[in-house]
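Work through the exercises below with the sequence and the model open. Each task is followed by a solution in steps.

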Amino acid sequence: MTCTAGRLFMGADWDFQTLQGIHDACEQIARSELGLEFYPNQIEVITAEQMLDAYSSVGMPLFYKHCSFGKHFAHQEASYRKGLMGLAYEIVINSSPCISYLMEENTATMQTLVIAHAAFGHNHFFRNNYLFKQWTDAEGILDYLDFAKSYVAQCEERYGRLAVERTLDAAHALMSHGIDRYPGKKKLDLRAEEKRAGDRRSHEESVFNDLWRTVPTGPVKSPELLNTERRRKLLGLPQENLLYFLEKTAPRLQPWQREVLRIVRHIAQYFYPQSQTKVMNEGTATYVHYRIMTRLHERGQISDGNFLEFLQSHTNVVFQPDFDDQRFSGFNPYALGFAMMQDIERIVANPDDEDREWFPDIAGTGDAMAVLRDIWANYRDESFISQFLSPRLMRRLRIFHLHDDPAESAGISVDAIHNERGYRRVRSELARQYDVGFIDPNIEVFDVDLSGDRRLMLRHSVVKGAQLNEADATRVLQHLADLWSYDVSLVEADGTDTILKEYMVSPRALAAAA
Amino acid sequence: MHIIDRRLNPGSKSLENRQRFLRRAKALVQDAVKKSSQDRDIRDVLEGGEVSIPVDGMHEPRFRREGGTRDMVLPGNKKFVEGDILPRSGESRRKASGPGEGDGEDAFRFVLSRDEFVDLFLDDLELPDLAKRKLAEAESVGLRRAGYAMSGSPANLSVNRTVRLALARRVALQRPRPEAIARLEAELADCDDTRRIELLAEIETLKGKVRRIPFIDPIDIRYRRFETVPKPIAQAVMFCLMDVSGSMSEHMKDLAKRFYMLLYVFLTRRYRHVEIVFIRHTDRAEEVDEDTFFHGPASGGTLVSSALQAMHEIVRSRFRATDWNIYAAQASDGDNSTSDSDAVSRLLTDKLLPVSQFFAYLEVSEAGGSTFDMPDSSLWTLYQRLRADGAPLSVRKVSERSEIFPVFHDLFQRRRKQEKAAP
């Protein structure tokens, strides 16, 4: 005998009424029990084909047209048809209102899971995490994409599809280097500048001591060096945002080309927080859906059978294969994130001595949700892992660290394992793998030969001996040279300023004419 | 919260992106289509399907790093302790799996729809020169609106334009309005004598003016003007002629069928409306439906002229050469009674070739039968003679299934300029 009075749905079928009920039930739990804050939700039901569409335009509902998206679509469609690839159950967009796409063929249980996961988990994270707050504008993004789409279409009409496509190709190649990694220094206005100069003067007066005059200063800088420094300062060098640099200073770009570069740059910037918070974002969403689903089941709003169905797909999602498993392809962000959040919940609720030693700030404070909300708001993957990966979890996942030095002929050494000596080293090494500073090659605009042939000089600071793939680098530099319209050179130098390799590329004639 | 049902939205949002991609990768995709069509049945080829192009052609470069010392953090340690040195046996294993994986990476696979496939498949084919010249002549004439004229038939009178011009003229010449006269006449009813005389004179001038300035003048009248524009004929008829006498084997019929299919697909790309007429013949010809054409049993002697005669009659009765583009493809094993040659050549040169855009003769033979050893068949010899006399015939020999597409391609290949000039 089962009581079905409070059930949100029966079996696998759902309609819009059911979705509304599910959403309201989830919202109630999310708000009152988990204390989440989120953007208003907008839930859209789509077909598999529309899901593929969304895939190929980086998950956004509207995007400018470009052949590379067509390429991805063709590829994904092929693998989907062959059954090589399953589709995601949902896509969620960091916007306000927060749009979640649900696939029409999901069962009612899956829709509940997906709503809890995307519409509350991801939504809360988007709204509260400092990176998203700092770098993205959830209210404006859809309007901006709409503008971008129509602007690119207009440009195609006016300047020809070929020219626009070529510019976009080049911009896409540089997309990973079109990101501001640091909030820029604010330029002072004249009044503030004056005030600062005055402050400085009065400070100097107040601490004046004639003795300083007698202290020897460093070698006098030659006028040439001063000149160089002035020029580099004027151009804002060194500059790691290559697209920004081109947009502002490339001498022969048309105004519309600058705008296109700007669009690509803005979109890259919009996705920048997402690439830094994969583990946290998915971990948050998984943790939230797990909590909500469990609560729904406890309250009797979903049946035992549906709960088992949920558990089955939940365990699939948080499955972490071992390194020697056929299915292994790196850490599963869902698994790692979820395991860490659960671990934090345990540490907060009933810590043991080890936890007290490692996490004195949070161990035993009692309110797990408050701690988690604080973490969700103020950390990114790298800092999250480096501070909250506990020894117990490292033991459970049996994490170890390999160091592969090609110069070492004996083989790959095991540098650290999950033991007392290794915890900190394993943890910091894992955190480093999530640090964007180490993931993307560090390439900067180093200088421009303004008095000579206007050559643009780039510099790649080689870390741990990893140099650029030559074929790809030449191609990207070719695109860069086409935009710059003069020669471009790239040097790869290691920490001791030894030049390892030099590239030199001239622009193609076509681009210069365009 | 809002729930929006997007399922009803128009699909194929990335269709345009896809087309852009295909356009960009056209040369590569075309090669792939050609390659995949070689080892497939024609029926399958035209169904579209998966093709793979070298990934290099559509590569999107990024700055990538490689080499150097690597640090990996992995889960699932079973037996390692700190300080262990693992021999690089993994290297060789990775290398071994590398090429297999690499194949998948090197080739970019995707599915083309039927339309896309056929488009690319037939892209460098076009109607032969002969057909094009004929096509230009055989244009019908259509009408198109082209402004207004001062003269024309009453049926084309443009009332709007006429009334507008008349109104403008009346305003310009200050034709008195009927209300103005009516007002004066009303005043006339109750006024003194002097005023009456004034009014009468005024009314008289106004009325005179109305008489002199007509409501509609012949110079106002405008007619809609039409221009004739040449309109290319957008319909074609395709005649399939086949010898079904006992000497034609199933294999030969199959070859013929494949050729007809290609021709049909090709024509449907070029014409909005394509009709097919099947004529089979032994020593007499009949028009049949498709099924009977390919599978119906028939036996008898061979008289090619009967089929040509039948085609001629059908053309005369149903497909006027001015309205239809006529294509004909004849398949036969080449047997024909020698006494028929005269009739055949007369029918072809006098009746059929002048009206048809293209006439192909396909001589089919048994698989493996070399076309060189055997003496030329009677029909082949006849057609060669006609060609030598300048008749626009295309003749080819086919014995293998795989030769069909090359032969077809060869017939319709887009000729380069100098080749065009040569013959």
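The exercises go from confidence to chain contacts, then to sheets and helices.

This is a predicted model, in which local features need pLDDT of at least 70, side-chain atom pairs count only at pLDDT 80 or more, and totals for chains, interfaces and linings use all residues. Residues are numbered from 1 along each chain as its sequence is written, while chains are lettered from A and ligands numbered from 1 in the order in which they are written.

**Exercise 1. Confidence**

Task: State the scores of the model and find where confidence in chain B is lowest and highest.

Solution. Step 1: The ipTM is 0.76 and the pTM is 0.69.
Step 2: pLDDT is the predictor's confidence in each residue, from 0 to 100. Its average over chain B is 76, and 80% of the residues score at least 70.
Step 3: Helices (H or I, at least four residues) and strands (E, at least two) are DSSP runs, numbered from the N terminus. Within chain B, the lowest confidence falls in helix H16 (residues 417-421), with a mean of 39, and the highest in helix H7 (residues 159-173), at 93.
Step 4: Residues 91-105 of chain B stay under 50 in pLDDT, and the model has 1 contact beyond four places in sequence for them. A contact here means that the C-beta atoms of two residues, placed from the backbone, lie within 7 Å. Residues 416-423 of chain B are also below 50, with 2 contacts beyond near neighbours in sequence.

**Exercise 2. Chain A against chain B**

Task: Describe the side of chain A that touches chain B by class, and identify a pair of strands that joins the two chains.

Solution. Step 1: On chain A, 76 residues are in contact with 50 residues of chain B. Helix H3 (residues 67-81) of chain A supplies the largest share of that side, 11 residues.
Step 2: By class, the side of chain A has 32 nonpolar, 26 polar and 18 charged residues. Ala, Val, Leu, Ile, Met, Phe, Trp, Tyr, Cys and Pro count as nonpolar, Asp, Glu, Lys and Arg as charged, and the others, Gly among them, as polar.
Step 3: Two strands pair if DSSP finds at least two bridges between them. Strand S4 (residues 400-404) of chain A pairs with strand S4 (residues 70-74) of chain B in the antiparallel sense, over 5 bridges. A:His403 has B:Asp71 as its bridge partner in S4(B).

**Exercise 3. A sheet with strands from both chains**

Task: Give the strand order of the sheet that includes S1(A) and S1(B), and name its edge strands.

Solution. Step 1: The order is S2(A)-S3(A)-S1(A)-S1(B), an open sheet of 4 strands with mixed pairing.
Step 2: Strand S2 (90-93) of chain A and strand S1 (2-5) of chain B are the edges, each pairing on one side only.
Step 3: Strand S1 (residues 41-46) and strand S3 (residues 98-103) of chain A run parallel over 6 bridges. A:Ile46 stands opposite A:Met103 in S3(A).
Step 4: Helix H2 (residues 48-56) of chain A lies across S1, S2 and S3 of chain A, at about 135° to S3(A). Axes are lines fitted to C-alpha atoms, for helices over the stretch in contact, and angles run from 0 to 180 degrees between N-to-C directions.

**Exercise 4. Strand S9 of chain B**

Task: How many residues of S9(B) are buried, and which strands pair with S9(B)?

Solution. Step 1: A residue is buried if 20 or more other C-beta atoms lie within 10 Å of its own, exposed if 12 or fewer, and partly exposed in between, with C-beta atoms placed from the backbone. In strand S9 (residues 235-243) of chain B, 8 of 9 residues are buried. Over the 423 residues of chain B, 26% count as buried.
Step 2: S9(B) runs parallel to strand S10 (residues 273-281) of chain B, joined by 9 bridges. There B:Val237 has B:Glu275 as its bridge partner.
Step 3: S9(B) also pairs in the parallel sense with strand S12 (residues 325-332) of chain B, over 7 bridges. Here B:Phe239 is partnered by B:Ala328.

**Exercise 5. Two helices of chain A**

Task: Is H13(A) roughly parallel or roughly perpendicular to H18(A)?

Solution. Step 1: Helix H13 (residues 278-298) and helix H18 (residues 381-388) of chain A pack at about 75°, with axes 7 Å apart.
Step 2: The two helices are therefore roughly perpendicular. Angles under 35 degrees count as roughly parallel, over 145 as roughly antiparallel, 65 to 115 as roughly perpendicular and the rest as oblique.
Step 3: A:Lys278, A:Val279 and A:Met280 of H13(A) make the contact with A:Asp381, A:Phe384 and A:Ile385 of H18(A). By class this contact has 4 nonpolar, no polar and 2 charged residues.
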